[in-house]
Amino acid sequence: MLTPPSRSLRGPLLGLLTAFVVPSLAAQEPTVPAGIQSELSRDLGVLEQKYLSLADVMTEHFAWRPNEDTRSVSEVFTHVGGANLYIPVAFGVEPPAGKEVASFEEAFARMGEMERITDPEAVVASLRGGLAHARHAIAAVPVSELDDEVTIFGQQMTKREGLVLLVTHMHEHLGQAVAYARMNGVVPPWSAGG
């Protein structure tokens with residue numbers, strides 16, 4: 001049976017815990033400004049749970065596609081992961097180390113390359129990494145820059161609109177992934193309870 005540390009050790013142990021664990025948790029969860037960025041971040045939390053749980057139950061169907069002209073299940077997930085890494089480049093948020101790009105055009109090309117990933121673990125890692133970067137991107141745009149104009153896919157919009165595009169794009173493809181699941185007789189985990 002484990003015994004708790006003596007009172008004389010509790011203070012130093014708590015200090016070590018605070019010194020090492022709390023900063024690492026803070027580094028994982030960016031501080032999101034209030035307003036639209038906070039709302040988008042909350043929505044992203046729901047999307048993240050749904051995407052990852054759906055990817056988990058769809059693994060054996062990753063190669064499936066409804067026809068030859070559409071993305072496969074794994075391509076939908078890697079497309080979302082890639083878009084979340086590279087769309088933020090247009091509004092000044094660089095992708096993580098090792099995924100740097102020189103321009104939005106190069107970023108767009110990289111999104112397509114990511115769709116070639118087929119290993120199930122790599123597909124989920126791509127999706128997970130993209131979701132984490134989207135969370136970072138939402139928090140990284142300074143509130144003072146939300147009305148700044150940018151060009152995304154040839155369209156002028158504000159950085160605020162770019163952030164909304166980032167999240168609505170995820171909703172669009174979640175709907176596609178849900179349709180794919182249903183076509184394969186898979187019930188999305190969040191719907192399984194009735």
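**Buried, bridged and packed**

Reader: Why is Lys159 called buried?

Author: Lys159 has a relative accessible area of 10%, and buried means under 20%, with exposed over 50% and partly exposed in between (1.4 Å probe, protein chains only). So Lys159 counts as buried. By the way, this is a predicted model, where local features need pLDDT of at least 70 and side-chain atom pairs count only at pLDDT 80 or more, while totals for chains, interfaces and linings use all residues. Residues are numbered from 1 along each chain as its sequence is written, and side-chain values use heavy atoms, with hydrogens and water left out.

Reader: What makes Lys159 and Glu145 a salt bridge?

Author: Their side chains meet at 2.6 Å, N to O, and the rule asks for a side-chain nitrogen of Lys or Arg within 4 Å of a carboxyl oxygen of Asp or Glu. Lys159 sits in helix H6 and Glu145 in the loop between H5 and E1, so the pair ties together parts 14 residues apart in sequence. (Helices, H or I of at least four residues, and strands, E of at least two, are DSSP runs numbered from the N terminus.) Glu145, at 26%, is partly exposed.

Reader: Which parts of the chain does the pair of Arg135 and Glu48 link?

Author: Distant ones: Arg135 is in helix H5 and Glu48 in helix H2, 87 residues apart. Their side chains meet at 3.0 Å, N to O, in a salt bridge. Arg135 comes out at 12% and is therefore buried, whereas Glu48, at 22%, is partly exposed. The structure holds 6 salt bridges.

Reader: How do you know that Arg110 and Glu106 are about one helical turn apart?

Author: Because they are 4 residues apart in helix H4. Arg110 is partly exposed at 23%, and Glu106 is partly exposed at 29%.

Reader: Why is H3 called roughly antiparallel to H6?

Author: The axes of H3 and H6 come within 10 Å and cross at roughly 170°. Angles over 145 degrees count as roughly antiparallel, under 35 as roughly parallel, 65 to 115 as roughly perpendicular and the rest as oblique, so H3 and H6 get the antiparallel label. Among the residues that meet there are Phe77 and Val80 from H3, and Met170 and His173 from H6.

Notes. Axes fitted to C-alpha atoms, helices over the stretch in contact; angles between N-to-C directions. Contact = heavy atoms within 4.5 Å.
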